[in-house]
Amino acid sequence: MGGRHLASKPRAAHENGLAAVRQCLQSYADRGVFRGYTECSERLGRVRFRFSWLARNPYDLRYEAESGTFMFLNVLPNVAGHSRLARALRAFVEARSSSTLPPHRRIDPNRATVSAFVQRGAMRLRVVAKRGHHAYGANRVINLMHEVYLHLHCYFPEYLWENYGVPQD
């Protein structure tokens with residue numbers, strides 16, 4: 001019976017993480033930040049959340065409860081791996097964990113890690129929450145995408161014009 005109890009602990013942690021993430025993301029939808037918010041289960045314990053937010057096309061955010069990984073799948077298309085834009089965005093994303101940022105804007109490395117990488121011609125943003133910090137990870141990945149969007153708006157507006165249909169005026 002003791003082994004059975006131990007086997008159920010990771011399952012409970014997995015379910016609690018997913019519940020916390022659902023609650024966090026649903027609160028954005030309830031406040032009107034997201035439009036068209038939906039959830040879809042995928043293979044291997046992954047859950048995909050889809051919502052419209054900063055652009056016309058909906059975003060897909062994949063969450064893996066077991067590892068605490070959040071990844072935006074389709075937010076930064078048409079980014080070449082060795083381009084100036086890719087280098088700038090990787091540096092910007094890595095800097096989000098800097099102790100020089102105020103706590104409300106920083107990604108605490110004791111609670112989550114962050115990265116950006118190019119895969120199949122698109123840049124992906126990834127936040128990996130540590131155990132017990134999955135709601136924090138959900139909040140941070142949303143804040144990260146918002147900050148990346150603002151960074152693009154300031155420093156790479158032509159990317160937004162070409163890929164997001166943002167007006168040039």
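The largest cavity is lined by R96, R105, I107, R140, N143, L144 and E147; on a 1 Å grid over the protein atoms alone, a cavity is a set of points where a 1.4 Å probe fits but cannot get out, and lining residues have an atom within 4 Å of a point. Four of these lining residues are charged, two nonpolar and one polar (Asp, Glu, Lys and Arg count as charged; Ala, Val, Leu, Ile, Met, Phe, Trp, Tyr, Cys and Pro as nonpolar; the others, Gly among them, as polar).

The model is predicted, with local features needing pLDDT of at least 70, side-chain atom pairs counting only at pLDDT 80 or more, and totals for chains, interfaces and linings using all residues. Residues are numbered from 1 along each chain as its sequence is written, and side-chain values use heavy atoms, leaving out hydrogens and water.

Now follow the strands. Six of them form an open sheet in the order 1-2-3-4-6-5, paired antiparallel (strands are DSSP runs of E, at least two residues, and helices runs of H or I, at least four, numbered from the N terminus; two strands pair if DSSP finds at least two bridges between them). Strand 1 (35-41) and strand 5 (112-119) are at the edges with a single partner strand each, so one side of each has no neighbour in the sheet. From one strand to the next, the twist averages 20°.

Within the sheet, six bridges join strand 2 (residues 46-52) to strand 3 (residues 59-64) in the antiparallel sense. Here F51 stands opposite Y59 in strand 3.

Definitions and conventions:
On a 1 Å grid over the protein atoms alone, a cavity is a set of points where a 1.4 Å probe fits but cannot get out, and a pocket is an open set with protein on both sides within 12 Å along at least five of seven lines; lining residues have an atom within 4 Å of a point. Axes are lines fitted to C-alpha atoms, for helices over the stretch in contact, and angles run from 0 to 180 degrees between N-to-C directions.
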